[in-house]
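This report goes through a structure in short sections. Please look at the sequence and the model first, then read on.

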Amino acid sequence: MTTIKMNATQLWVHDQDEALAFYTDKVGLEIHEDVTVAEMGNFRWLAVGAPGQDASIVLMAIPGAPMFDDATQGEIRSLMGKGYAGTVFFATDDCRARYDEMAAKGVEFTQEPTETPYGLDCGFRDPSGNHLRMVQLPQGA
Amino acid sequence: MVHVPIERHLVRGRDLADRRYTDPALTVDDMAAAAGLSKAHFSREFKRVFGETPRGHLLTRRMERAATLLRQTDHSVAEICLEVGLQSVGSFTSTFTRHFGRSPTRYRADAPPAAVYARIPACVMRVHGRPQHRTFGEDGKGGQA
C-alpha cells in the first residue's frame with residue numbers, strides 16, 4: 001500500500017525578503033529551504049514551515065518573461081493583492097495568546113479571535129495580501 | 001522597488017468594513033483612510049476592482065452577518081439589526097427582504113443552520129453567504145459611494 005501526504009504548498013508573494021521576515025519573525029515559522037539557483041536566472045526556492053512540522057509553504061516570487069507575460073503577472077498581482085490567490089489555515093493551541101503576540105508585532109488582522117462551531121478562529125494577511133487563518137481547534141478535535 | 005498593486009491598498013479598506021461592520025458610525029471615509037487613499041479615488045477603484053461600491057460592500061456584509069445570526073442564534077430581529085450596525089428595524093427588514101427574497105422572520109423559519117452539516121470555516125461561509133442583489137436605496141445613486 002503506497003502512502004501520500006502533504007509536503008509543500010505555495011503562496012505568491014511580491015517580495016520574498018519581506019515575506020520571509022513576516023513568516024519567521026511575526027508568524028513564528030522557520031526556514032525549511034532557501035536556495036538561489038544561479039543557472040536558473042537566480043531563481044530562489046524559499047520554503048518555510050512550522051517548527052517540528054515537515055510540510056512547507058513555498059514563498060514564490062512571480063516570475064517575469066519568458067515564464068509569465070506581463071498580463072499574467074498583473075493578473076496574479078491583482079488576485080494576490082485582493083487576497084484571492086490562496087489561503088493557508090494554521091492551527092494553534094492558544095489562539096488568543098498567539099493573536100496578542102502577533103498583533104503586538106504589527107500583524108494586519110482581518111478578524112479577531114471568534115468562537116465558531118469548529119474552534120476559536122481569527123484571520124490575518126501577509127504583506128502581499130494573502131489571506132491567512134489561525135484556529136484553535138476544540139480539545140480532542 | 002517592489003510594485004504593490006492598488007488591490008493591496010483597497011483590501012485594507014474592505015477588511016475594515018468586514019471587521020467593523022457592527023459599528024454604525026463606520027463610513028466610506030474610514031474605509032478610504034484605512035486604504036490610504038482619498039475617498040473619491042478609493043470609491044472609484046473599489047468599484048472597478050471589486051464590482052461593487054464600498055458602501056454596497058459594507059451593507060452586504062451586514063446582511064450576510066444578519067442572515068448568519070438569524071440561522072444560528074435566537075436573537076430577535078431588532079437585536080440583530082443593532083448587532084450588524086444598523087439602527088432602523090424597518091429599513092433593515094426591507095433591505096434584508098430585497099437581498100434574500102424573504103423577511104428576516106421567514107428566512108429564519110426556512111433556513112437550518114449550516115453548521116449542522118459541515119465544519120465550514122467562517123471566512124468561507126462569509127464569502128458564500130453574501131447576498132447578490134446590490135440595487136437598493138442604501139447603496140447610493142449611480143454606483144457612487
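## Terms and model

Helices (H or I, at least four residues) and strands (E, at least two) are DSSP runs, numbered from the N terminus. This is a predicted model, in which local features need pLDDT of at least 70 and side-chain atom pairs count only at pLDDT 80 or more, while totals for chains, interfaces and linings use all residues. Residues are numbered from 1 along each chain as its sequence is written, and chains are lettered from A and ligands numbered from 1 in the order in which they are written.

## Chain A as a whole

Chain A has three helices and eight strands. Along the sequence they follow the pattern β-α-β-β-β-α-β-α-β-β-β. Taken along the principal axes, the C-alpha atoms of chain A fill a box of roughly 50 × 40 × 25 Å.

Chain A has 141 residues, of which 26% count as buried. A residue is buried if 20 or more other C-beta atoms lie within 10 Å of its own, exposed if 12 or fewer, and partly exposed in between, with C-beta atoms placed from the backbone. Two residues are in contact if their C-beta atoms, placed in that way, lie within 7 Å. Among the contacts in chain A with a separation of 6 or more, 49% are between residues 24 or more positions apart.

## The four-stranded sheet of chain A

Two strands pair if DSSP finds at least two bridges between them. Four strands of chain A form an open sheet in the order S1-S4-S3-S2, with mixed pairing. Strand S1 (8–13) and S2 of chain A stand at the edges with a single partner strand each, so one side of each has no neighbour in the sheet. On average, neighbouring strands of this sheet are turned by 25° against each other, direction ignored. Axes here are lines fitted to C-alpha atoms, for helices over the stretch in contact, and angles run from 0 to 180 degrees between N-to-C directions.

Which strand does S1(A) pair with in the parallel sense? The partner is S4(A), and the pairing has six bridges. One of the residues involved is Ala8(A), whose bridge partner in S4(A) is Ser56(A).

## Two hairpins

S2(A) and strand S3 (residues 43–49) of chain A run antiparallel and are joined by seven bridges. Val37(A) has Phe43(A) in S3(A) as its bridge partner. The hairpin of these strands has five residues between them, and Gly41(A) takes a positive phi near 65° there.

Ala47(A) has Val58(A) in S4(A) as its bridge partner. In this hairpin six residues lie between the strands, and Gly52(A) takes a positive phi near 85°.

## Two helices in chain B

The axes of helix H4 (residues 54–72) and helix H6 (residues 89–100) of chain B come within 11 Å and cross at roughly 90°. H4(B) and H6(B) are therefore roughly perpendicular to each other, a term for angles of 65 to 115 degrees. Met63(B), Ala66(B) and Ala67(B) in H4(B) meet Thr95(B), Phe96(B), His99(B) and Phe100(B) in H6(B).

## Where the chains touch

The contact takes 17 residues from chain A and 16 residues from chain B. On the side of chain B that touches chain A, H1(B) gives the largest share, six residues.

Terms used. Parallel < 35°, antiparallel > 145°, perpendicular 65-115°, else oblique.
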